[in-house]
Every structure is written in structure tokens, then in C-alpha cells.
Amino acid sequence: MPDRTTRVRKTPLSRREEILEATVARIKAQGVHTLRLSDVADKLSVSPALVVYHFRTKEALIAEAFAWAAERDLAHLRRLIHGLPTALAQLRTALEWYAPAGEAKGWALWIEGWAAALREPVLREAGRELDLRWKDALADIVRAGRVSGEFSTEDPTGAVWRITALLDGFAVQTLVHRRAPDRDGATSWHHEIVTRELGLDAADLTPLPDQ
């Protein structure tokens, strides 16, 4: 009787995504500088030649892996805030997820990217673009809140840069130096700068029971 077992061949798109996901996992585990194409290939049980076929160089692979991870984070942000009735609810939800004490799991990856960007021009350019896209997404929420009267700021973009600068600093302290305040302390500090920047009361940032 003929063998009906067939091997499903992956499309180029699905194979690229699989490689990118494996690359992100390896970067989180071992960092950027020690990463080899063979490490990614080993994780997928494929040949290094297959990885090279799709991405040509290690630098190109790493840059695309960061772009892929950023796009995934931005898509997750859009899902989190979709359907929320006010700009305040959207901002509150976004910041709870973004904050180092929150549920975002990508901080180790981004800190690796920042460090590697000091020496890698390709990563520096990619990182700058991705960082701007993230800030733009938050600034869009703040601009909407300014129009609706929920926020009081003449400079939505500047406010977002200052808020995220504090949160990024917390991330470094928490993951690298292990010297950040506890969750309640960190939350209090970032609430303080958000209220100051956007003309809010501290109570405005307390999640409602159904959120």
C-alpha cells in the first residue's frame, strides 16, 4: 500500500517568519554579539545555508529580527487599545503594558538592540526608525486626548519622549542593574511624570475595575 505521508513544505514567507522568531529568541538568550547564523539554524534544526538563503548576512538577519519584533509589539498595542472609549483609557492601557513593571516581555531584546546599535550602523538606523514608530503610536493617543479635552499639553510629541525616557531608564535599571524601586514605587514615579506632562490627576491613571 503506498505511503500517504507527505512532508508539508513551508512557504518562503512562513520560513522567514520562523527564522525571525528563532533569531529573537536566541538574541534574548545569548545577546547580539555572540549570535551566529548556526545558532539560529540549530534552534530550527535546519542548515545554516537555509538561513543565509533567506537573509544573506548576520547583520541583515538581526536588523530584520528587531523590525519583526517591533511590528509584533505595535500590533499588540493596537489590539490592546482597540475599542477603548477614551484616549485616557487607551493611554492608561498602553503605559501599563509598556512599563518595565508591566507585562511587556521585550525589554531584554530592546536593551540588547540599544547596546549593539553603538557599534552597528545598520542596527542604529533600524532602531531609530522603530523607536520613532513606537513614540508616534503613543503620541497619536495623546494628540487625540488633547483634541477631546482629556489631556492638557501643548507638545504631545515632547511629552511622549519625556515619559518614555523615564520608562526606558527604569527598564535598564530593572533588567541590567537590578536597582530599580519595587513595582509600586516604579508605578508611582511614572504616574507622577504622566500626570505632570498631561495635566492629569493621579486618580486618572488608576485602572477602572472592568479594564
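**Cavity, pocket and helix packing in a predicted model**

The lining of the largest cavity divides into two nonpolar, two polar and two charged residues; Ala, Val, Leu, Ile, Met, Phe, Trp, Tyr, Cys and Pro count as nonpolar, Asp, Glu, Lys and Arg as charged, and the others, Gly among them, as polar. This is a predicted model, in which local features need pLDDT of at least 70 and side-chain atom pairs count only at pLDDT 80 or more, while totals for chains, interfaces and linings use all residues. Residues are numbered from 1 along each chain as its sequence is written, and side-chain values use heavy atoms, with hydrogens and water left out.

The lining residues of this cavity are Arg92, Leu95, Glu96, His190, His191 and Leu205. A cavity is a set of points on a 1 Å grid over the protein atoms alone where a 1.4 Å probe fits but cannot get out, and lining residues have an atom within 4 Å of a point. Helix 5 (87–98) and helix 9 (183–198) each give two or more residues to the lining, and helix 5 supplies the largest share, three residues. Helices are DSSP runs (H or I, at least four residues), numbered from the N terminus. The volume of the largest cavity is about 30 Å³, and a search of the whole structure finds one cavity of 30 Å³ or more.

The largest pocket holds about 560 Å³ of space. A pocket is an open set of points with protein on both sides within 12 Å along at least five of seven lines; volume is the space filled by probe spheres set on the points, which are joined across faces, edges and corners. Of the 25 residues that line this pocket, Trp110, Trp114, Gly127, Leu130 and Asp131 are the closest to its centre. Helix 7 gives the largest share of the lining, 10 residues. By class, the pocket lining has 16 nonpolar, three polar and six charged residues.

Helix 7 (residues 121–148) also packs with helix 4 (residues 58–81), at an angle of about 5 degrees and with the axes 9 Å apart. Helix 4 is therefore roughly parallel to helix 7, a term for angles under 35 degrees.

The average pLDDT (the predictor's confidence in each residue, from 0 to 100) is 84, and 86% of the residues score at least 70. Over residues 1–7 the pLDDT is below 50, and this stretch has zero contacts in the model beyond near neighbours in sequence. Where pLDDT is low, the predicted coordinates should not be read in detail.

Conventions:
Axes are lines fitted to C-alpha atoms, for helices over the stretch in contact, and angles run from 0 to 180 degrees between N-to-C directions. Angles under 35 degrees count as roughly parallel, over 145 as roughly antiparallel, 65 to 115 as roughly perpendicular and the rest as oblique. Contact means heavy atoms within 4.5 Å.
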